[in-house]
Amino acid sequence: MNNQNKWFWIFLSPVIVALGIVVVIPFIYGFVFSFTDWNGLTATKFIGFEHYINLFLEEEFMNSIWFTIKFSVVTVILLNVFGLCLALIVTRNIKSNNLLRTVFFMPNLIGGLILGFIWQFIFISVFGDVGNLLGLESMQGWLSTTETGFWGLVILTSWQMAGYIMIIYIAYLENIPKDLIEAAKIDGATALQRFKSITFPLVAPAFTVSMFLTLSMAFKIYDQNLSLTNGGPFNSTQMVAMEIVRTAFSDNEMAYAQAKAVIFFLIVAVIALTQVYYNKKREVDM
Amino acid sequence: MKMNKESKNLFSVEVLGLVLGLIWIAPFYLMIVNAFKTKREIFAGVLGLPQSLALENFVKAFNDLEFLKSLFNSLLITGVSVAIIILFSAMAGYALARNKSKLSGIIFFVFVAAMLIPFQSVMIPLVSIFGQADLLNAAGLIFMYLGFGCSLSIFLYHGAMTGIPKSLDEAAIIDGANRLQLFWYIIFPLLKPISVTVGILNVIWIWNDYLLPSLVLGEANATIPLKMFFFFGEYTKQWHLALAGLTLAIIPVIIFYFFAQKQIIKGVSEGAVK
């Protein structure tokens, strides 16, 4: 028994040390220091909730939270609609289904930073030229207003991640027994009825997975934000993750940035836990 | 008659799929086509084909990105990080799955719960601690990747262990193997399918990571995304060079995808669904 215990700890020690030093200790450290005047190296005094009060009064931070929420809601809806549609297409018995899966999934393998730069070119130069060709004034100057910057980010993220969500839906769609669909066809159910009564309920668990994934992915976006709009114009498209990085490493306000980081954690954790709870409950009800 | 309608249906699905497919790769097409143009040609229009292939864009981007050096840095950091994540997470997943004590359950829960913590929430103290320990370098970065990558990996290995019967352990122990031998020669090879999944998920994430390397590494030993960031900043509005650089930067990923496509899609699917 004792021997077994020894091996248990030997096997676990590398990851416990790593998780401890990289995640657990900084997390606790950060939480404590967010109540002080910490400058990244030393703290001289506790100042209570001062940072937390200030950040709720800071217009830029509240804007970034509001912008991130709007972005996440729109992106989650689009991602799941696109993901499911793409999955429904490539799970049909068409010749190009493997090729299409490869194509739709490809953007996921490339980092958000690089994709953001590519789309900066698309939105600025390609949109500009197409706009000239069609005489559309509205296609000029994308990414230079808050509105178009927002949609630019939404389009980039939906394009990048829809293939990933597609993969999740494919896994569930392919588990639907073929004879169930066949039987419904024989009984004369239309394609829409089949989708509503068979496919949709059976892929419902996929919503648990993908809503949770997409919402937290969307909320934590940084690279795409940096390379596509760089937060501009006037920081109006700056999302929370970027706002925290800037406060810490450009403005050098470590403790204040850490207070924002704690709030960020609370929001992400609440989203994740609510999603899991809500979806698990709905699955059981079904 | 009925068959006919169905194949017609299928045909329209196929056409729809192909149109969407073209839209999906259009950004890459536009990137590559314009990477071969001169500055003047891009200014004249981005939609047409290049008149001649301006290969000098690629030569300049290759040199300015210090492409071979950045590629080597990316390969080294990703390779070592993923190797130790696989090894140590498999060991931990095995130990946690075999030990049914309450403590073991609590440790497992801590690892899973750590997945809730976004990077930005630990980033500032992390950089501060590693800075004071003089570990803001490649070695420190690899250790950080172990810390951030082990949670999901342990979770996946833990799940895979349920498929490996405990009688194997007992038989090996009776034959005189110690735990380390038992793990290395029997358990670890049986976990190979999940190791492929764990490896792929971590490669995709670490290879493309920008923020952590930007805080830890200097420009001298930058990875591809980090170097790309500096490069892009240097050539804003010089799209012919920027696009050539971007094309170079995604070539390694495309090669990887070409050779491991099946495993990648399978791995991502398993990682997401579990």
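**Cysteines, salt bridges and the chain contact**

Guide: Cys150(B) is buried, its relative accessible area being 0%, where buried stands for under 20% relative accessible area, exposed for over 50% and partly exposed for what lies in between (1.4 Å probe, protein chains only). Cys85(A), in turn, is partly exposed at 40% relative accessibility. This is a predicted model, in which local features need pLDDT of at least 70 and side-chain atom pairs count only at pLDDT 80 or more, while totals for chains, interfaces and linings use all residues. Residues are numbered from 1 along each chain as its sequence is written, chains are lettered from A and ligands numbered from 1 in the order in which they are written, and side-chain values use heavy atoms, with hydrogens and water left out.

Visitor: How many disulfides does the structure hold over all chains?
Guide: In general, a disulfide is a covalent bond between the sulfur atoms of two cysteines. With the cut-off applied here (a pair of cysteine sulfur atoms within 2.5 Å), the count over all chains is 0.

Visitor: How many salt bridges are there over all chains?
Guide: Side chains of opposite charge can pair when their charged atoms come close. The rule asks for a side-chain nitrogen of Lys or Arg within 4 Å of a carboxyl oxygen of Asp or Glu, and it gives 11 salt bridges over all chains. One of them joins Glu243(A) to Lys260(A), with 2.6 Å from N to O. This pair links distant parts of the chain, 17 residues apart, since Glu243(A) belongs to helix 10 (residues 240–249) of chain A and Lys260(A) to helix 11 (residues 254–285) of chain A; helices are DSSP runs (H or I, at least four residues), numbered from the N terminus. Glu243(A) is buried at 2% relative accessibility, and Lys260(A) is buried at 1%.

Visitor: How many residues separate Glu270(B) and Lys266(B) in their helix?
Guide: They are 4 residues apart in helix 13 (residues 239–273) of chain B, which means a separation of about one helical turn.

Visitor: What area do chain B and chain A bury between them?
Guide: Buried area is the accessible area (1.4 Å probe) that two parts lose on being put together, summed over both. Here it is about 7,800 Å², 81% of it on carbon and sulfur atoms. In chain B, Trp24(B), Leu116(B) and Ile124(B) lose the most area to chain A, together 10% of what that side buries. The contact (heavy atoms within 4.5 Å) takes 85 residues from chain B and 87 residues from chain A. Across this interface the rule finds 0 salt bridges.

Methods. Helix = DSSP H or I, 4+ residues; strand = E, 2+ residues; numbered from the N terminus.
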